[in-house]
Amino acid sequence: MIRTFRQHNIRPQQELTGKLWDFTPLQGNFSGKTFPVHTPSCWESYPGFGLYRGEGRYETQFEGAGNLRIECKGVSHTATIALDGKTIAGHYNAYTAFSAIVKQVEAGTHTLTITADNRFSAKSALHVPNDYMSYGGVSRPVVLENVRDSFIEYVHVTPSHGSGTWRAHIRACVVALEQNAPAVLIINIAGKALSFDADKLSEGKNFFEGDLLFDNIQPWSPEKPILYTVTATLVREGAPFDDLIDRFGFREITVEGKRILLNGSPVKIKGLCRHEDHPQFGCALPFSAIANDLALIRDLGANSVRTSHYPNDEIFLDLCDELGILVWEENHARGLSLEQMQNPFFEKQAHDVTLEMVTQHYNHPSIYIWGILNECASDSAYGKTCYEKLFELIRSLDMSRPLSFASCKFKTDLCFGLPDIVSYNIYPKWYHDTPVEEYLSDLYSWIQNQTEGAGKPFLVTEIGAGGLYGYRSPYATKWSEEFQAKTLQEQLDSVLSFEDCSGVYVWQFCDIRISEEWRGGRPRTMNNKGVVDEYRRPKLCYETVKELFAKY
Ligand code: ADA
């Protein structure tokens, strides 16, 4: 499954995953042996590969001809792509899509080879031993398309509202494989059309911008998530030859003083942080597993999910658009020290994943905020330059959403002049015994009186406690389900009743696997702060969170 809706009526498209591929591990004592494996998947879910760190070669055959566009939605974590033995693309980072074009391919059977590498090394600045797992594999769908001499790469729609009228600002990107290809680009939304006559497309990316105005529009909101379709079509001599269908919603996110507004109404976030992680699927959760997670999240009464700590699968975002679940989507980074941020590969890798995240996920109305660099070195001068560059990059791409980052630098953060919203991960009553109310008030008054974050909206982007599923204790001893429930009760009561707090994300939705190599060490080599365990079995705190989300 590629998306929850059809993206093309004209451009031929087929999913190459969703079947068995040949998998050959290239290191370890498996080398040389080939196994038939399902895709998308992570090799940690294959018998005997639970701890495999190395390269894995995936191979499949397909019938094709002409100009082929091959798109990988996610390969974990470093990929090399070859067609009939010739390298056509490479990509770093498991969580964003990438594509390659091969022109004038002979008709016949062709071999696609994807080599994935999940090893940690000095060349990997974002996938590092960490409190989550960097899996290995072709973890998201692979798509094969046929394109002509030019095709539509994306159509971004930016909705805005003014005096009873909704405006849809269109910015389309058409890629021409050769220069001077003539074409007419037609954009359709809700029965209105915009036409751009390009008599000479230049080779590479060609951009087209324009506006459509609407009077009787149904806005997108969590309560009523109405989606609209934008259809872009390339036409030559009256004949359409390429198209792209996407979805968006008419909604506006603004910041007004200390409030976050959606279509002019204040938003109170009651959310959960969620990793893409599952004991059976690794990070390659199939549609039904993603949908089941969202059913539990809605049952808890949550209205938002934070994609901690990387861009998520488009299928997850499609479902959030349809269900009206607000999403804090963030680039890929977790807890990188100053030294780790000074890795020579860091800046480019952080830039690329951020550019890809915003470009690829731009139209999702559920995404109300872009986050970056979770708990990185925002207490250092160099770290601040990195935050500045990434916020500048996002603002150059998207001025329609507020920006933030989750800090853990208690009273030492230097970066609160940069985001639109100040966000903190706090763990009173878990990592330290300070009463929640006291800790929150102390932190908040420091932000208001001693930082440039004064007067901005404030979010608690993580708060929670560990609880081992099935460990019950009449004394509510630490790590028991009772302790976790009691702690979350105090934490959420304090945060949700804190007047100047725009909301909270519980850390975290489910227990997750962490990398063996991470220094932190945790019981079961898992992060056990889930409201449900890794098999999505509710812990005692499930009802606690549900009651508190309903109360506030
Ligand atoms: C940090 C981090 C999370 C997780 C959490 C914890 O806030 O952002 O990824 O590691 O701590 O469980 O302690």
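Author: One begins with the polar contact, a pair of N or O atoms within 3.5 Å; within protein, one must be able to donate a hydrogen and the other to accept it, and residues adjacent in sequence count only if both atoms are side-chain atoms. The model is predicted: local features need pLDDT of at least 70, side-chain atom pairs count only at pLDDT 80 or more, and totals for chains, interfaces and linings use all residues. Residues are numbered from 1 along each chain as its sequence is written, and side-chain values use heavy atoms, with hydrogens and water left out.

Reader: How far is an oxygen atom of the ligand from an N or O atom in the side chain of Arg 334?

Author: That distance is 2.9 Å. For the side chain of His 309, an oxygen atom of the ligand lies 2.6 Å from an N or O atom, and for Glu 462 the value is 2.3 Å.

Reader: How much of the ligand does the protein bury?

Author: Accessible areas come from the Shrake-Rupley method with a 1.4 Å probe. Taken alone, the ligand exposes 320 Å², of which the protein buries 97%.

Reader: Which pocket does the ligand take up?

Author: On a 1 Å grid over the protein atoms alone, a pocket is an open set of points where a 1.4 Å probe fits, with protein on both sides within 12 Å along at least five of seven lines; lining residues have an atom within 4 Å of a point. A molecule sits in a pocket if more than half of its atoms lie within 2 Å of its grid points. The ligand takes the space of the second largest pocket, which holds about 300 Å³. Among its 20 lining residues, Arg 334, Glu 375, Tyr 427, Tyr 431 and Glu 462 are closest to the centre.

Terms used: Grid points are joined across faces, edges and corners, and a volume is the space filled by probe spheres set on the points.
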